[in-house]
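Please keep the sequence and the coordinates at hand while following it.

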Amino acid sequence: MDNKKNPKNSPLKNPVIIFLIISAIATIILNIAISAVSNPTKTQITYDKFLSMVNKDKVDEIIIESDRIIIYEKSDIDISEISQKTSKMISIFGISKKDVYEELQKESRKIYYTGYIRDERLLPVLDEHGVTYSTPIQYNNPILNFILSWILPLGIIYLIFFLLTRSMSKHIGGGGIMGIGQSNAKMYNIENKTGVTFADVAGQEEAKESLNEIVDFLHHPAKYTAIGAKQPKGALLVGPPGTGKTLLAKAVAGEANVPFFSLSGSEFVEMFVGVGASRVRDLFKQASQKAPCIIFIDEIDAIGKSRDAQISSNDEREQTLNQLLSEMDGFDSSKGLVILAATNRPEILDKALLRPGRFDRRIIVEKPDLKGREDILKVHIKNVKTDPSIDLHAMALATSGAVGADLANMVNEAALRAVRMGRNAVLQEDLMEAVEVIIAGKEKKDRILSEKEKRMVAFHEVGHALATALQKNTQPVHKITIVPRTMGALGYTMQMPEEEEHYLMSKDEILDQITVFLAGRAAEELVFGTKTTGASNDIERATSMARAMITQYGMSDKFGMAGLESIEHKYLDGRSVSNCSEETKTKIDEEIVSVLGACHDKAYSLLEGHRTALDEISEYLIKKETITGDEFMAIFNRIENPEPETEETKEETPENE
Ligand code: ADP
Ligand code: MG
Ligand code: ZN
């Protein structure tokens, strides 16, 4: 993927020059500062004075530079002044006294300088008076010196500024602090080839069908214009998160083999008014130069929020939206420019965005059904090594309600588990464990339950399972476990549909399911005569089911078919909003309590009537910790339908006939 970030009209020039000037000033200051620190004060003296100092044995050392001589006067520090104490300390650190004195003397030398004169007499005189002399070595390479003291700091400072402003630009937007409002081209990605095709998107056949027309149009625009048909300018992909909206948009570009301009709605809107609008302008300008191509605006609700629904208006967002609307009207769709957008809150979008000529197509990307899930699993399992025995159908059955992103994640979890287990291929066991990890969290082997708690959890879970088995309108038990999980469950009972899940739920099914939820608590009460906190999640789910039954599905005798609540943001599992008066709300609550009470009583009497099964299966579960639905049903059938004679008659019948 190449993210060419708009090479043409970026204002790179401006920042570069500004950076350079800042760096140069900083370097000069740096150099002055360094020379001030590293050069102790020197006093200028005449050459005569220097010679006389040498003759008076006052000079310790000289350094002959290209144009001057640095003179170090002999130190007048008196060694005997250094007290006995110091010498002791010095010897403790293992440094010889002599070293210390020499160092002290060097430090305290006075420094002079004088102009350098080519004087033949000088060297013999120096030798005679025991003066050491040298010339600085690095001084011989002025180029290296220049690079070290000027170019290098300049480069480093430039780099720091560059990185700093770049990271700032991520927050502020535009081309760094210098480029606010000028160019915002960097805010979107261009992929010339997305590399994704419809084959990578499974289980969204209807969506793919609708999008196919767009692909065809991008391939043969002439076919459409010849007959006078106008291609829709934009399509809006609507659906819950993780269902593959972004993936579908990329696949359209991949299938049509056109460039893919993508950006997120939230990236348009910045704190500076006008930035978003200029970004929209820029985006459309760039895209129309590259047409045919696809512009994809992810999370369009960030800019497309209805303009009048706001309490406080947001100028920037409105301007951006207006610009988007006018650009969408302005461009010529016959060129092959198609705009796709995705959202999971279609109901808050501004009506103007949805009118014909703009996003007039709405493509629903739903949560996948059983077959869809199986197909998605097939797509993702291709990338991992698997054992031939794996059964993706069973996994699809167990993942009702999961979206594409979840399934992709589960396959990956399974592969990770296989690696942890030291295998080189994924087994069915890995896949099913991955499903549970995503649903309930990882097993927490280290959380040891006390014997008493373990018994309680076991009876609670078997209570759920028995209520399932004893009622008609329920899904069969798939697994019961009392191994705690990281997401809080101390144990759980997994139900799984036998075949295709169904899309409708009857009132009886809902009531039976509520009874199953409450059977855990009923078992605690029946067996231990107590109530535990373990039932809180059951109670929550049972209550919301009962509430929905009464307020949304019109299933209570008291209220009939009045819609008392509606769901906000249905693609985001949003909250329900109440549509009724306060008095009705109170009555709804009473009704919920009575539904739950009836279900609880039913659960209690079911378990009471099958106490033997409850006890035996619970004991078995305590011993094994995890049992399958089949094991559960085997014990259940043995106790509930003993029929020992039938076994014998069965064997005998063939002989008789
Ligand atoms: P959305 O944009 O709807 O929130 P994405 O398109 O970003 O979801 O999907 C996230 C990931 O989930 C994808 O990269 C892909 O791996 C996986 N995925 C989602 N839906 C599907 C699908 N229908 N088929 C295959 N993979 C899918
Ligand atoms: Mg997305
Ligand atoms: Zn429970």
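## Buried helix positions

Leu211 counts as buried, because its relative accessibility is 0%. The model described here is a predicted one, and in it Leu211 is found in helix 7, which covers residues 205-219. Leu211 and Leu248 are 37 residues apart in sequence, yet their C-alpha atoms are 8.6 Å apart in space.

Another buried residue is Met328, with a relative accessible area of 0%, and this residue is found in helix 13, made up of residues 315-330. Along the chain Met328 and Phe359 are 31 residues apart, while a distance of 9.0 Å separates their C-alpha atoms. In helix 19 lies Lys454, which at 16% relative accessibility counts as buried, since the cut-off for that class is under 20%. Lys454 and Glu625 are 171 residues apart in sequence, and from C-alpha to C-alpha they are 9.2 Å apart in space.

## Surroundings of ligand 1

Which residues are closest to ligand 1? Of the 15 residues that surround this ligand, the closest are Ala202, Gly242, Lys245, Thr246 and His380. By class, the shell around ligand 1 divides into six nonpolar, seven polar and two charged residues.

Several polar atom pairs can be listed for this site. A polar side-chain atom of Thr246 lies 2.6 Å from an oxygen atom of ligand 1, and a polar backbone atom of Gly244 is 3.1 Å from an oxygen atom of the ligand. For Thr243, a backbone N or O atom lies 3.2 Å from a nitrogen atom of ligand 1. Taken alone, ligand 1 exposes 560 Å², of which the protein buries 78%. The elements that contribute two or more residues to the shell around ligand 1 are helix 9 (245-256), helix 15 (370-381) and helix 17 (404-420), and the largest share, three residues, comes from helix 9.

## The zinc site

The zinc ion, which is ligand 3, is coordinated by NE2 of His460, NE2 of His464 and an OD atom of Asp538, at distances of 2.0 to 2.1 Å. In sequence, the donor residues of this zinc ion follow the spacing H-x3-H-x73-D.

Arg485 is placed in the loop between strand 12 (477-481) and strand 13 (492-495). Is Arg485 buried or exposed? Arg485 is buried, because its relative accessible area is 1% and the class takes in values under 20%.

The side chain of Arg485 makes polar contacts with two glutamate side chains, at 3.2 Å in the case of Glu433 and at 2.9 Å in the case of Glu436.

## Positive phi in loops

Most residues other than glycine have a negative phi. Against that background, Asp57 has a positive phi of about 60° although it is not a glycine. Asp57 is found in the loop between helix 2 (47-55) and strand 2 (59-64), and it is partly exposed, with a relative accessible area of 38%.

Glu299, which is not a glycine either, has a positive phi of about 50°. The place of Glu299 is in the loop between strand 9 (293-298) and helix 12 (301-304).

Conventions. Residues are numbered from 1 along each chain as its sequence is written. Chains are lettered from A and ligands numbered from 1 in the order in which they are written. This is a predicted model: local features need pLDDT of at least 70, side-chain atom pairs count only at pLDDT 80 or more; totals for chains, interfaces and linings use all residues. Side-chain values use heavy atoms; hydrogens and water are left out. A residue is near a molecule or strand if one of its heavy atoms lies within 4 Å of it. A polar contact is a pair of N or O atoms within 3.5 Å; within protein, one must be able to donate a hydrogen and the other to accept it, and residues adjacent in sequence count only if both atoms are side-chain atoms. Accessible areas come from the Shrake-Rupley method with a 1.4 Å probe; for residues, only the protein chains shown count as cover. Helices (H or I, at least four residues) and strands (E, at least two) are DSSP runs, numbered from the N terminus. Ala, Val, Leu, Ile, Met, Phe, Trp, Tyr, Cys and Pro count as nonpolar, Asp, Glu, Lys and Arg as charged, and the others, Gly among them, as polar. Donors are N, O and S atoms within 2.8 Å of the metal (3.2 Å for Na, K and Ca); water is not among the atoms, so sites may look incomplete. Buried means under 20% relative accessible area, exposed over 50%, partly exposed in between (1.4 Å probe, protein chains only).
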